[in-house]
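Please look over the sequence and the structure below. The paragraphs after them go through selected parts in turn.

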Amino acid sequence: MNLDTYQQTNAAFKFRCIYHLGVRSGFFSEYNNMIWAMIYCLRCELTFYLATRDANFAFKKGWQDYFLPFCPERQSWLHHRWLHPRFPTERLSFLLKEKIFGSVIRQLENADALTYDIWNGMRSQQAGDITLRALGHSGTLRELSRELVDMTWRFNPETRAILDARRAELKLPGHYLGLHIRGGDKKKEAVLLDVSAYMDKARAVSGLRDIFVMSDDYANIELLRQRYPDYRFHTLTSPKAGGYQHRVHARSGKLARREHYHELFASVEIMRHADAIVCAFTSNIGIFLGMSMPPDRCHSVDGTWKMW
């Protein structure tokens, strides 16, 4: 599946779904779910539209602040998180929004489905083989996700230049390993493992001594350098980083958020180009890396790849 084929197939469907991206969660939670929504729309033969006007990662335009377009977009003020939430709940606030605004948005935007209409269906997709009848194509959820990442994960020229400059500053060797070690508020959802778990896995995977470390907590880099002095650790993580807290990040200004995403994307790109990486599949960044890289280059410290 390539971008041209996807765009032609996507445009040919009779019914439309407008997917609201960047509503409330961290970037990779939002992005990963978007990929699975695209797969679901292909399965159900729904034209996929993207709405990112008020995305929590937006600087000016939304998606195109950082990436090249890949599908038709809707930027109406109607696609605001308070009118077009991401997923359905039993809360009275959601039920009132759906009853009052749902049909109005669909009618004005000529849409047959909004994000919350497909949410439960897309989140119930199994990891096994999936058939995309419109494309005459099939594969596992992970395989199809990787194909869609290849089509959507394309930075615009301005962002690409910034990310390339960040990478050049590190002066990485031609061959290196990557570690993604999550900290911060992730402890609310999963057990945070000691750096030794990542290094044990890394040493089992490769004998390379240069390691790029992507972490939201600089304390992890300090521990690695103290415990493993015979390795060379490289990072873009600031010494001020004390663990990502999404609620704190959400309250930061646009310039600070933009700088955060430039560092985040630069680190992810460096990870993707490593000879091999070690991450956690209970992290949305780990899930993204697991579906954007060949399985033999991406290794987890906490189980198999799955929808999180």
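Where is Ala58 found? Ala58 lies in the loop between strand S2 (46-51) and helix H3 (92-108). The model is predicted: local features need pLDDT of at least 70, side-chain atom pairs count only at pLDDT 80 or more, and totals for chains, interfaces and linings use all residues. Residues are numbered from 1 along each chain as its sequence is written, and side-chain values use heavy atoms, with hydrogens and water left out. Helices (H or I, at least four residues) and strands (E, at least two) are DSSP runs, numbered from the N terminus.

Ala58 counts as buried because its relative accessibility is 8%; buried means under 20% relative accessible area, exposed over 50%, and partly exposed in between (1.4 Å probe, protein chains only). Ala58 touches Thr52, Arg53, Asp65, Lys254 and Arg257, not counting residues up to four places away in sequence, where contact means heavy atoms within 4.5 Å. The C-alpha atoms of Ala58 and Gly139 are separated by 32 Å, and the two residues are 81 apart along the chain.

Another buried residue is Asn33, at 4% relative accessibility, in helix H2 (residues 27-44). Leaving out residues up to four places away in sequence, Asn33 touches Tyr19, Arg86, Trp119, Met122 and Arg123. With Arg123 there is a polar contact, side chain to side chain, at 2.9 Å. A polar contact is a pair of N or O atoms within 3.5 Å; within protein, one must be able to donate a hydrogen and the other to accept it, and residues adjacent in sequence count only if both atoms are side-chain atoms.

Next comes the sheet. Five strands form an open sheet with parallel pairing, in the order S8-S7-S6-S9-S10; two strands pair if DSSP finds at least two bridges between them. Strands S8 (232-234) and S10 (298-300) stand at the edges with a single partner strand each, so one side of each is left without a neighbour in the sheet. From one strand to the next, the twist averages 25 degrees. Within this sheet, S6 (residues 177-181) and S7 (residues 210-215) pair in the parallel sense over five bridges, and Phe212 in S7 is the bridge partner of Gly178. Helix H10 (residues 254-272) packs on the sheet and touches S6, S7 and S9 (276-279), its direction making about 145 degrees with that of S7. Helix H11 (residues 284-292) also packs on the sheet, touching S6, S7, S9 and S10.

How do H5 and H11 meet? The axes of H5 (residues 141-152) and H11 come within 7 Å and cross at roughly 90 degrees, which means that H5 is roughly perpendicular to H11. Axes are lines fitted to C-alpha atoms, for helices over the stretch in contact, with angles from 0 to 180 degrees between N-to-C directions; angles under 35 degrees count as roughly parallel, over 145 as roughly antiparallel, 65 to 115 as roughly perpendicular and the rest as oblique. The contact is made by Arg142, Ser145, Arg146 and Val149 of H5 and by Phe288, Gly290, Met291 and Ser292 of H11.

S4 (residues 129-132) and S5 (residues 137-140) run antiparallel, joined by four bridges. These strands form a hairpin with four residues between them, and Gly136 in the turn has a positive phi of about 60 degrees. Ile130 and Leu132 make up the covered face of S4, and Asp129 and Thr131 the uncovered one.
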